[in-house]
Each structure stands twice: as C-alpha cells, then as structure tokens.
Amino acid sequence: WKGLYFMKFSFLTYLFCRYPLEYSFQMAQNYGFDAIEIWGARPQAYAYDLNTQEIQNILSYKKKYHLDISAYTPEILSYPYNLASTNKKEREETEDYLLRSLDAAAAMVTTNMLLTIPHPGYRTSKRQALDIILEPLKRLCNRAEELGISIMLETLSPSESNLVTTADEAAELISRVGSSAMTAMMDLVPPTIANEPISCYFDWLGDKMNYVHICNSDGETEFHSRLDEGIIPMEDIFTLLKKYGFKGWCSLELLNPYFRDPELYLANSKRLMDRYFA
C-alpha cells in the first residue's frame, strides 16, 4: 500500500454470509487485509447470540489470525428492526438491539459500530421520522460514550431511505444529536447516484468522517458492484482520500450476487487494490 500507509483495509464479512465467521478471518489473513468488518447477523455474529463463549471465540480468532476488527455492523436495514418506525414496540426493540450491539462491539474490542436509518414508510413525513429517532439516538450515544465506541452514521441511497442520504443531512443529524460518540462514514454508492461530489463528505463532516465502504456503482441503483465494473474511477477515489488526509478504514463492501463465490471476488478486489496502490 505504498503511499497510502495511513489507510487501513478491511472487508465486510456479509460477503461470506454463507460461511461461519472464522472463515472470514481466514480469508482476511490469506489475502493480506488488516482487519474484518463483522456483519452482525446469523450465522456470523448476531448480537443476541454473542454470549461469553462466542465473544471469546471472536477474540481468539483475532489473536490466531493477527487481525483487527475495523467495525461491528449490526443488520438493521431489513425486518424486524427500524429505529424510525412509527410502531413504538418496533422502535423499542430496535433500541434494545442496538444497545446490545454496542455492548457486543465493546466486548470484541472494536471502537466502531455502524448505524443506518431505514425508510420510515411512505405515510410518515421526513420531519416526523427525524423527530422520532432523535431521543433514541441520544440514548445510544450516551451508552457509546461510556463504552468508548463511535457510532458511525452511514448515508443511504434514496431507494433505501429518505432520511439521511447526503453528507449535509448526515452532518445535520449528528449536530442535532450533539454527542462526541456519533461520527459518519461514506459508502461510495449514495453520493454517486445522488450526483454528490465525494469532497462534500469532507466539506460537511470533516474529521467526523472516519470510515469508507469501497465498491463501484452503476450510477443508478443501490447495487454495489465489484471494483472494476462501474462508473467510479476507483484508483482516483484513493487519490482523493490521500489528498484530504483520510486516515480511517477503507472497507470493501460487496453484496449479492457475489455471495455465490465470495473468495473469488475477494481475490479480484485484492488484485485490483494491489495494482492501484503498489
């Protein structure tokens, strides 16, 4: 990673969702990553499954494979969790789930937990939904401050949510929450399909932006394509990150249809990274 020594590289283990978690540690070591970003769902690391023994297993994998955990990413974009729901029971269960996830992140000794705000539903106004999530977010951040965890807010594409889809919307919500524990991250897809310059994330978020999901984009949908297929000039993304002095994690995020042969596409990504940054 010549010239990019201040960046660290991982991948979201959702790519290997058809394997047990240890397999992702093995793949990360085999292909020379610095860490993994743990997907917080079954069969890997669902927060309610992470008892003392399961946490000890994860800590043993870190030691065995000489790897860090760049972040813990609880699954929150699909049923049954939504912090912006108008259903009080769903909100309460989501908050409990995220509190449990914060405890899990601290136990596995990572300092980052990723958070998204799903779509609240078409009969809920954006203002109402943002008001709904404010107090739960403050409570989550209070716990995160106690644990020394950063809650990284991820912007989403318009097809996934209508609440936090741009850098300035992320900055506004972070300001409203008012906690040092809430930071931000950038997935390369939302700014691409929103016609938003990558530089906006640095302009609006500054040192609050400490994590990037790398992938390519078709420029139209939320699809996360492999690095050599899409409209983003990937090599130049890292030129920009270097220019802005980015010192956080770059985490590869490939999803479906790459589940069918995840090692193949991890190897493909690593080859391209080596070519870009050798």
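This is a predicted model: local features need pLDDT of at least 70, side-chain atom pairs count only at pLDDT 80 or more; totals for chains, interfaces and linings use all residues.
View A. When neighbours within four places in sequence are left aside, G40 is in contact with A45, Y46, Y72, T73, P74, E75 and Y97. Between the C-alpha atoms of G40 and T183 the distance is 19 Å, and the two residues are 143 residues apart in sequence.

**View B. Helix α4 and its bend.** Helix α4, made of 22 residues (126-147), reaches 31 Å from its first C-alpha to its last, which is close to the 32 Å expected at 1.5 Å a residue. A bend of about 30° is found at L134, and the proline P136 follows within four residues. After the helix comes G148, with a positive phi near 75°.

**View C. The buried side of α4 and what covers it.** The buried residues of α4 are A129, L130, I132, I133, L134, P136, L137, L140, C141 and A144. Their cover includes the helices α3 (88-107) and α5 (167-177), together with the strands β4 (112-115), β5 (150-154) and β6 (182-187).

**View D. The largest pocket and its lining.** The volume of the largest pocket is about 470 Å³. It is lined by 26 residues, of which Y14, L77, E160, E253 and L255 are the closest to the pocket centre. By residue class, the lining divides into 12 nonpolar, eight polar and six charged residues.

Conventions: Residues are numbered from 1 along each chain as its sequence is written. Side-chain values use heavy atoms; hydrogens and water are left out. Helices (H or I, at least four residues) and strands (E, at least two) are DSSP runs, numbered from the N terminus. The expected span of a helix is 1.5 Å times one less than its number of residues. The bend at a residue is the angle between axes fitted to the seven residues ending there and the seven starting there. Buried means under 20% relative accessible area, exposed over 50%, partly exposed in between (1.4 Å probe, protein chains only). Contact means heavy atoms within 4.5 Å. On a 1 Å grid over the protein atoms alone, a cavity is a set of points where a 1.4 Å probe fits but cannot get out, and a pocket is an open set with protein on both sides within 12 Å along at least five of seven lines; lining residues have an atom within 4 Å of a point. Grid points are joined across faces, edges and corners, and a volume is the space filled by probe spheres set on the points. Ala, Val, Leu, Ile, Met, Phe, Trp, Tyr, Cys and Pro count as nonpolar, Asp, Glu, Lys and Arg as charged, and the others, Gly among them, as polar.
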